[in-house]
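Here is a short briefing for a first look. Keep the sequence and the 3D view open as you read.

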Amino acid sequence: MTGGTALAGKINRNLAQACAEFGLGMGLGSCRILLEDDKYLPDFDVRPILGEDVPFFANLGIAQLERMIQAGSTDKIDEMVQRLQADGIIIHVNPLQEAFQPEGDLLAAAPIETIQAFLEQTQLKVIVKEVGQGMGPESLKALLKLPIEAIEFGALGGTNFTKLELARHTNTDTALFDTFGRVGHTAEEMAAMVNQIVGESPDQRCRQLIISGGITNVLDGYRLVKSSQIPAVFGMGSAFLKHATEDYPTLQTFVKQIEKSLLLADQFLRVR
């Protein structure tokens with residue numbers, strides 16, 4: 001969640017408490033709002049709840065990163081990560097969302113070039129996340145060669161930000177663009193692509209996968225993680241968000257159900 005909304009602080013604190021109790025990693029929503037102003041820092045400042053050992057990552061969009069590289073101001077990212085006591089930064093890549101957002105940014109360079117340039121300038125741990133549509137084999141192949149902590153699939157089948165942005169154009173007929181909301185790859189397709197790429201060329205530098213986007217049940221996530229050729233975890237962001245908007249006991253019960261489901265899968269199932 002981003003800060004500055006009535007529920008943001010509550011949601012982030014509930015999620016942080018669950019991560020602390022169950023040993024989960026936590027990634028924030030876009031922290032763009034913190035680059036210039038600490039007014040909303042309390043919405044994001046959850047390290048005291050998480051404790052020291054839980055993986056915790058800030059988040060910034062590729063368009064903001066591109067502009068900061070052009071302006072020579074990427075040191076602000078390091079400062080923001082330090083203020084949050086985070087372990088690193090997630091860079092979310094969302095070209096279609098930006099293209100159809102009424103106030104969106106157009107990218108001047110390919111995202112892979114921006115990410116490579118940032119890696120040359122920073123010592124931060126970096127995760128690259130695609131938002132909403134998924135990535136094809138050439139993008140995955142290029143990312144797997146980079147020294148990053150993880151690639152996250154925000155795949156087709158999860159929250160579709162292209163459709164959300166098109167729906168905001170209330171005064172414009174956007175029917176011509178509707179098919180862009182169906183462009184992309186599912187988490188299952190991308191997991192298979194990664195396995196093929198790693199099988200053909202096992203000298204990848206990316207450490208792991210975070211498989212999300214359209215994962216609506218534990219067994220789908222479990223199967224994709226267990227069949228991955230590189231270390232992987234899975235995420236169910238919309239389900240966590242739904243429960244985190246209520247109260248902590250509701251979220252806690254949900255996570256306990258996931259924990260039990262994974263235990264049962266480990267005991268009784270074999271992934272082929």
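The points below cover salt bridges, an aromatic pair, cysteines, a pocket and a backbone angle.

This is a predicted model. The count of salt bridges comes to 8. There is 1 aromatic pair, and there are 0 disulfides. The second largest pocket has a volume of about 350 Å³.

**Salt bridges**

- Side chains of opposite charge can pair when their charged atoms come close.
- Glu 36 and Lys 76 meet through their side chains in a salt bridge, at 3.0 Å from N to O. This pair links distant parts of the chain, 40 residues apart. Glu 36 sits in the loop between β1 (26-27) and α2 (41-44), and Lys 76 sits in helix α5.
- Glu 36 is exposed, at a relative accessible area of 64%. Lys 76 is partly exposed, at 29%.
- Arg 207 and Glu 149 form another salt bridge. Their closest N and O atoms are 2.8 Å apart. Arg 207 lies in the loop between α10 (187-200) and β6 (208-212), while Glu 149 lies in the loop between α8 and β5 (150-154), so the bridge ties together parts 58 residues apart in sequence.
- Arg 207 is partly exposed, with 48% relative accessibility. Glu 149 has 15% relative accessibility and counts as buried, because buried means under 20%.
- Lys 226 pairs with Asp 266 in a salt bridge, with the closest N and O atoms 3.7 Å apart. Lys 226 belongs to helix α11 (residues 218-226) and Asp 266 to helix α13, so parts 40 residues apart in sequence are tied together.
- Lys 226 is partly exposed at 48% relative accessibility. Asp 266 is also partly exposed, at 46%.

**Aromatic pair**

- The count of aromatic pairs comes to 1. The ring centres of Phe 240 and Phe 254 are 5.2 Å apart and the planes stand at 80 degrees, so this pair is edge-to-face.
- Phe 240 is in helix α12 (residues 237-244) and Phe 254 is in helix α13 (residues 248-268), so the pair ties together parts 14 residues apart in sequence.
- Phe 240 and Phe 254 are both buried.

**Cysteines**

- The structure holds 0 disulfides. The cut-off for a disulfide is 2.5 Å.
- Cys 19 is buried, at 6% relative accessibility. Cys 206 is buried, at 6% relative accessibility.

**Second largest pocket**

- The volume of this pocket is about 350 Å³. It is lined by 20 residues. Those closest to its centre are Val 93, Pro 95, Glu 130, Met 135 and Ser 139.
- Elements giving two or more residues to the lining are α6 (95-100), α7 (111-121), β4 (125-130) and α8 (137-144).
- By class, the lining of the second largest pocket has 12 nonpolar, 7 polar and 1 charged residues.

**A positive phi**

- Gln 85 has a phi near 55 degrees, a positive value in a residue other than glycine.
- Gln 85 is placed in the loop between α5 (75-84) and β3 (88-93).
- Gln 85 is partly exposed, with a relative accessible area of 46%.

Terms used. Residues are numbered from 1 along each chain as its sequence is written. This is a predicted model: local features need pLDDT of at least 70, side-chain atom pairs count only at pLDDT 80 or more; totals for chains, interfaces and linings use all residues. Side-chain values use heavy atoms; hydrogens and water are left out. Helices (H or I, at least four residues) and strands (E, at least two) are DSSP runs, numbered from the N terminus. Buried means under 20% relative accessible area, exposed over 50%, partly exposed in between (1.4 Å probe, protein chains only). Rings of Phe, Tyr and Trp (its six-membered ring) pair if their centres lie within 6.5 Å; planes under 30 degrees apart count as stacked, over 60 as edge-to-face and the rest as tilted. On a 1 Å grid over the protein atoms alone, a cavity is a set of points where a 1.4 Å probe fits but cannot get out, and a pocket is an open set with protein on both sides within 12 Å along at least five of seven lines; lining residues have an atom within 4 Å of a point. Grid points are joined across faces, edges and corners, and a volume is the space filled by probe spheres set on the points. Ala, Val, Leu, Ile, Met, Phe, Trp, Tyr, Cys and Pro count as nonpolar, Asp, Glu, Lys and Arg as charged, and the others, Gly among them, as polar. A salt bridge is a side-chain nitrogen of Lys or Arg within 4 Å of a carboxyl oxygen of Asp or Glu.
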